[in-house]
Amino acid sequence: MIRTVLLASACLILSAPAALAQSHGAGHGSEQAAAAPAGHGHHHADFESGRFHVRVDGHGPDVIMIPGLGSSPEIWDGTVAALGGHYRVHRLHIQGFAGAAAQDNAEGPVAAPVAEDLARYIQEQGLERPVVIGHSMGGTIALMLAARHPDLVGKLMVVDMIPFMGAMFGGPGATPESVTPVADQIQAGMASGPDDAYRAQVESTISSMILTENLRAGPLEDSLTSDRKVSAAAYRELIVTDLGPELSRITAPTEVIYAKFNDPRMTPEITDGIYAAAFSRLPGVKLKRIEDSAHFIMLDQPDRFTAEVEAFLQ
């Protein structure tokens, strides 16, 4: 059942809000962009990487925000605006997504190398145990960072992502090895399938992952301007990566914000059970389900999401 849900949404997690990143907000989530505070300009961090580049806004304690597959920094516009410039927010734009050149992400895995370069970014920029917030694939990257470099992360928030997405494709007994064939099949279809079919799948998936209809256009264009080969490789990596055994290495206080799976067969209670089991090896983790939202909680429930982030940053 869950496998059916995720197979249908495979292209969507890849297709989050992104491509407009290079214009830094033009046309992306216009309601949120209009709310951005005047006078709080941004700049790009002086950091050499072929994996991502970083947009920096505001002044104060450091917060790193990692968007999902195919998403751009603009997915966080409303959240950053609500923070009012009181934090120094570092927003990643991953190469190959949302119009950015693929560079070092053109071949091979994406999430794990990004996590390693993010660890280097924290060290080279002199950040003192920043708060790290990741959505979807960004949540996977955040978990990798916190587990593999625990001394670098002060707090961790994961938004709508579980440690082993492959379990959704292979059932309770799934292993990275057992789901590799389906992961390979999905990668091949995403990377080289007909353009018309790909666009139709993306449109359908975005509709299922963003309930707020007037906020879908930006994520749709972001997805369609992402490099399909990079997106496909990254999605395969998510399916075959099991971070469950690494969760016990995380020392940062961790909160997981999630929405009920957008399928009528998936009750809130079933969703809660899936998340509780998925994060059972992370002591002290706090799990919070947000009502009336799909995958992009920051778009569907911006006020509630911002309130959760602000409380978490205290």
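Modeller: Glu291 has 47% relative accessibility and counts as partly exposed (buried is under 20% relative accessible area, exposed over 50%, partly exposed in between; 1.4 Å probe, protein chains only). This is a predicted model: local features need pLDDT of at least 70, side-chain atom pairs count only at pLDDT 80 or more, and totals for chains, interfaces and linings use all residues. Residues are numbered from 1 along each chain as its sequence is written, and side-chain values use heavy atoms, with hydrogens and water left out.

Colleague: Which residue forms a salt bridge with Glu291?

Modeller: A salt bridge here is a side-chain nitrogen of Lys or Arg within 4 Å of a carboxyl oxygen of Asp or Glu. For Glu291, the closest N and O atoms are 2.5 Å apart. The partner is Arg289.

Colleague: Arg289 also forms a salt bridge with Asp272. How many residues apart are they?

Modeller: The closest N and O atoms of Arg289 and Asp272 are 2.7 Å apart. Arg289 sits in strand S8 (residues 286–290) and Asp272 in helix H11 (residues 268–278); helices (H or I, at least four residues) and strands (E, at least two) are DSSP runs, numbered from the N terminus. The pair links distant parts of the chain, with a separation of 17 residues.

Colleague: Is Glu308 buried or exposed?

Modeller: Glu308 meets Lys288 in a salt bridge, 3.1 Å from N to O. That pair joins helix H13 (residues 302–313) to strand S8, 20 residues apart. Lys288 is partly exposed at 31%. Glu308 has a relative accessible area of 9%, so Glu308 is buried.

Colleague: How many salt bridges does a search of the whole structure find?

Modeller: The search covers the whole structure. The total is 19.

Colleague: At what angle do helices H8 and H9 pack?

Modeller: H8 spans residues 195–209 and H9 residues 217–224. Axes are lines fitted to C-alpha atoms, for helices over the stretch in contact, and angles run from 0 to 180 degrees between N-to-C directions. The axes are 10 Å apart, and the angle is about 145°.

Colleague: How many nonpolar residues are in the contact of H8 with H9?

Modeller: Ala, Val, Leu, Ile, Met, Phe, Trp, Tyr, Cys and Pro count as nonpolar, Asp, Glu, Lys and Arg as charged, and the others, Gly among them, as polar. The contact has 1 polar and 2 charged residues, and the nonpolar count is 6.
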